[in-house]
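Trainee: Could we go through some side-chain contacts together, one question at a time?

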Amino acid sequence: TLADDSGLEVDALRGGPGVHSHRYASGGDADRYRALLEQLQGVPPEERTARFRCVIALVTPEGASYRCEGICPGVIIDEPRGTGGFGYDPVFLLPETAKTMAELTPAEKNRLSHRGRAGQYARPILMGLLPAGRPEVGRAVHGEVVVEAGIADGGHLLRQLVGLLLVHSEILGQVQGPGRRPQRVQPGHAP
């Protein structure tokens, strides 16, 4: 079983909206980031620190559990910039690039995003779980990246999940940045 969730955490809002980012305000993306900006009126720029966080959890049929986390630090700006991306991307500035997420190219976003970083940590776990040398092989293709996965014992689902991670980060091997390395979690224990 593989699950993931992502959210925007704003320090001035005590970590909100967090996992409720998509439901922070009714309407579309612009409505949500406008509601966020309204909540941050009067908050000085130096106190508008924030981060996108993605957590991927994986549990094997044998009960082994893994948790991978990707973090993308930034600052919430007053006015939206850029036309790419979605959600809060137009108001989320990455200080290291001086661009908002909405101003990044897809390749830049894949390299720097919280999902790409979490995917980088999940990829070796998923690849290690794939059956090696099996004739029942499927392929997930994204751009020039090809991942092969056995389709026996649910491998077809695993192939789709690896493909999904590739969609979020087509250059998983080159992702760098803050985040937590994969953790092996003991059954019945929280990480």
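Mentor: What follows is a short exchange about ring pairs and salt bridges. This is a predicted model, in which local features need pLDDT of at least 70, side-chain atom pairs count only at pLDDT 80 or more, and totals for chains, interfaces and linings use all residues. Residues are numbered from 1 along each chain as its sequence is written, and side-chain values use heavy atoms, with hydrogens and water left out.

Trainee: Is the pair of phenylalanine 52 and phenylalanine 92 stacked, edge-to-face or tilted?

Mentor: Rings of Phe, Tyr and Trp (its six-membered ring) pair if their centres lie within 6.5 Å, and planes under 30 degrees apart count as stacked, over 60 as edge-to-face and the rest as tilted. Here the centres are 4.4 Å apart and the planes stand at 45°, so the pair of phenylalanine 52 and phenylalanine 92 is tilted.

Trainee: Is phenylalanine 92 buried or exposed?

Mentor: Buried means under 20% relative accessible area, exposed over 50%, and partly exposed in between (1.4 Å probe, protein chains only). Phenylalanine 92 has a relative accessible area of 0%, and therefore it is buried.

Trainee: Which residue does glutamate 9 meet in a salt bridge?

Mentor: A salt bridge is a side-chain nitrogen of Lys or Arg within 4 Å of a carboxyl oxygen of Asp or Glu. At 3.5 Å, N to O, the side chain of glutamate 9 meets that of arginine 51.

Trainee: How many salt bridges does the count come to?

Mentor: Among them is the bridge between aspartate 29 and arginine 32, at 2.9 Å, N to O. By this rule, the count of salt bridges comes to 11.
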